[in-house]
Amino acid sequence: QVQLQESGPGLIKPSQTLSLTCTVSGASIAAATNFWNWIRQSPEKGLEWIAYKAWSGSTLYNPALRSRASLSRDSSKNQLTLQLTSVTPEDSAVYYCTRAGVGGEFDVWGQGTQVTVSS
């Protein structure tokens with residue numbers, strides 16, 4: 001059974017860099033043909049896709065966030081790390097790590113981690 005667990009700071013100040021980690025169990029992040037995504041949800045914006053890291057290592061970002069987002073992986077730990085620079089209160093949201101297959105369906109979700117940007 002594939003499980004995803006997000007972790008993060010909870011509260012972060014404006015202009016700082018947000019760092020979130022997704023720990024994957026039950027599957028290898030390097031196994032074909034998985035796409036590991038970060039998605040966030042807020043009352044104001046709804047669901048917003050941020051980026052994915054494919055099993056091959058390739059990465060794709062939401063153009064609206066590309067300049068601030070960076071998604072990396074540590075295959076030895078089976079973890080993915082999302083960094084988002086220069087955060088503002090608009091980045092406050094619940095951040096989810098999800099898995100998708102080549103069909104694009106998000107079939108496994110983590111529980112999500114709440115991030116609040118506030119001074």
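Trainee: Leaving aside neighbours within four places in sequence, which residues is Thr113 in contact with?

Mentor: Thr113 is in contact with Glu6, Gly8, Leu20, Ala93, Val94 and Tyr95. Contact means heavy atoms within 4.5 Å. A word on the source: this is a predicted model, where local features need pLDDT of at least 70, side-chain atom pairs count only at pLDDT 80 or more, and totals for chains, interfaces and linings use all residues. Residues are numbered from 1 along each chain as its sequence is written, and side-chain values use heavy atoms, with hydrogens and water left out.

Trainee: Why is Thr113 called buried?

Mentor: Its relative accessibility is 11%. Buried means under 20% relative accessible area, exposed over 50%, partly exposed in between (1.4 Å probe, protein chains only). Thr113 therefore counts as buried. The residue is found in strand β11, residues 113–117.

Trainee: How many helices and strands does the chain have?

Mentor: Zero helices and eleven strands. Helices (H or I, at least four residues) and strands (E, at least two) are DSSP runs, numbered from the N terminus. From that end, the elements run β-β-β-β-β-β-β-β-β-β-β.

Trainee: What makes the radius of gyration agree with a compact globule?

Mentor: The radius is taken over C-alpha atoms, and the globule rule is 2.2 Å times the number of residues to the power 0.38. For 119 residues, a compact globule would have a value near 14 Å. The chain has 13 Å, which agrees. Along its principal axes, the C-alpha trace spans about 40 × 25 × 25 Å.

Trainee: What share of the residues is buried?

Mentor: 42% of the 119 residues. The chain exposes about 6,100 Å², an area from the Shrake-Rupley method with a 1.4 Å probe; for residues, only the protein chains shown count as cover.

Trainee: What share of contacts between residues at least 6 apart joins residues at least 24 apart?

Mentor: 51% of those contacts in the chain.

Trainee: How do you know that Cys22 and Cys97 form a disulfide?

Mentor: Their sulfur atoms are 2.0 Å apart. A disulfide here is a pair of cysteine sulfur atoms within 2.5 Å. The pair therefore meets the cut-off. Searching the whole structure finds one disulfide.

Trainee: Where do Cys22 and Cys97 sit in the chain?

Mentor: Cys22 is in strand β3 (residues 18–25), and Cys97 is in strand β9 (residues 93–100). They are 75 residues apart, and the pair links distant parts of the chain.

Trainee: Why is this disulfide called left-handed?

Mentor: The torsion about the S-S bond of Cys22 and Cys97 is about -75°, so the disulfide is left-handed. Both ends are covered: Cys22 is buried at 0% relative accessibility, and Cys97 is buried at 0% too.

Trainee: What makes Leu18 buried?

Mentor: Leu18 has 2% relative accessibility, so the residue counts as buried. Leu18 lies in strand β3. Beyond four places in sequence, its contacts are Pro9, Ile12, Leu82, Gln83, Leu84, Val87, Tyr95 and Val115. From Leu18 to Ser42 there are 24 residues in sequence and 16 Å in space, C-alpha to C-alpha.

Trainee: And Leu11: why is this residue called exposed?

Mentor: Leu11 has a relative accessible area of 56%, so the exposed label applies. Its place is in strand β2. Leaving aside neighbours within four places, Leu11 is in contact with Thr116 and Ser118. The C-alpha atoms of Leu11 and Thr116 are separated by 4.8 Å, though these residues are 105 apart along the chain.

Trainee: Which peptide bond is cis, from Ala32 to Thr33? What is its omega?

Mentor: The bond from Ala32 to Thr33 is cis, with omega near -5°. Thr33 lies in the loop between β3 and β4 (35–42).

Trainee: What is the phi of Ser15?

Mentor: Phi is positive, about 80°, although Ser15 is not a glycine. Ser15 is in the loop between β2 (11–12) and β3. With a relative accessible area of 58%, Ser15 is exposed.

Trainee: Is Asn78 buried or exposed?

Mentor: Asn78 is buried, because its relative accessible area is 14%. Its phi is also positive, near 55°, in a residue other than glycine. Asn78 sits in the loop between β7 (69–74) and β8 (79–84).

Trainee: How far apart are the mean positions of the positive and negative charges?

Mentor: 8 Å, for 9 positive and 8 negative charges. Lys and Arg count as positive and Asp and Glu as negative; His and the chain ends are not counted. Each charge is placed at NZ of Lys, CZ of Arg, CG of Asp or CD of Glu.
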